[in-house]
Amino acid sequence: MNKALTIENSLMQQVFGEYDVNIKKISRTFDVDYVIRHDELILSGNESNVAKAERCIEGIMDTISNGAPVTEQAVNYIIGLTEAESQDRISDLGNDIICHTIQGKPIVAKTFGQKSYVEAIDKKMIVFGIGPAGTGKTYLAMAKAITAFKRNEVNRIILTRPAIEAGEKLGFLPGDMQSKVDPYLRPLYDALYEIMGSEQFLKNMEKGLIEVAPLAYMRGRTLDNAFIVLDEAQNTTPAQMKMFLTRIGFGSKAIITGDRSQKDLPKGTKSGLDNALTVLKNIDDIGICELTSKDVVRHPLVQKIVEAYDSYEKKNGRREARFETKSRRKLN
């Protein structure tokens, strides 16, 4: 089957990619041949495969129409949607801009998982954003917090995370209390600097309108009219999570983000995030959004790494389950 698609000359470079990298990837994935003639792209091959390749081209053109860059990650996401025969269309992502970075770069939801997450933040008072590294959980939460602050929907922003080393003991840290906890909160500072700018951030921080603090500082407080983001929630204990959730007051919104596969808690300690998801799953006013490797928006290699670890951990989990079953049988 042959299918001719008309593409404007001004869009060809974006659609096909540098050295035709995008169309070559689509051609290999769906086993179709292609010929470029003037403003036409002619696809040939199996009817079903040609239809899938056509949908990918349309998805790339929708990405351009939405004002988003046609990156390698974006093309991989479009191909993934097509392979999964998803009914979602890239045009449905829209071009709703959450806010702009200090350099003027628009921040938007780049996947349907991210779109659901952003919509949940708009609708719910408390939202859990769960997913692997690179899915934009914290970054989008920060963008929504800064947007709400600038629109005077909240009086202040409070960002917090548990101060736990990632698998290593750092020992004694010099300086005052702020100097000791700053290294743990650095990822939150980085996002604030990028979205708000260091000068604006420091001004608001001096006024007490933006607070970045370890989770331990939240005890005993009631947080009214605030946008609160708890990052790295997988490293909380059940008691810490309960303490945090019961701090939330009137006019506040709380976003809890975490990656359940990257816990740094002592062995045998239950995660407060896992516990909260079980305890609170039936409360309507609480949103739970699970992002997957398909929502990774960092370098495409990160998505492959996440998928490889997921596959390994599933196999390892099944192996351990079989070992435990055999051990019980021997004991009985």
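**Packing of helix H1**

1. Helix H1 and helix H2 (residues 21-30) pack with their axes 5 Å apart, at an angle of about 60 degrees. Axes are lines fitted to C-alpha atoms, for helices over the stretch in contact, and angles run from 0 to 180 degrees between N-to-C directions. H1 and H2 are therefore oblique to each other (angles under 35 degrees count as roughly parallel, over 145 as roughly antiparallel, 65 to 115 as roughly perpendicular and the rest as oblique).

2. On the H1 side, Gln14, Val15 and Phe16 make this contact, and on the H2 side Val21, Asn22 and Ile23 (contact means heavy atoms within 4.5 Å). Four of the residues in the contact of H1 with H2 are nonpolar, two are polar and none is charged.

3. The axes of H1 (residues 9-16) and helix H3 (residues 47-65) come within 10 Å and cross at roughly 110 degrees. That makes H1 roughly perpendicular to H3. Leu11, Gln14 and Val15 of H1 meet Ile57, Ile60, Met61 and Ile64 of H3. This contact has six nonpolar residues, one polar and no charged.

4. The model is predicted: local features need pLDDT of at least 70, side-chain atom pairs count only at pLDDT 80 or more, and totals for chains, interfaces and linings use all residues. Residues are numbered from 1 along each chain as its sequence is written, and side-chain values use heavy atoms, with hydrogens and water left out.

5. The protein chain has a mean pLDDT (the predictor's confidence in each residue, from 0 to 100) of 84, and 87% of its residues reach 70 or more. Confidence is lowest in helix H11 (residues 300-331), at a mean of 67.

How values were computed:
Helix = DSSP H or I, 4+ residues; strand = E, 2+ residues; numbered from the N terminus. Nonpolar A, V, L, I, M, F, W, Y, C, P; charged D, E, K, R; others polar.
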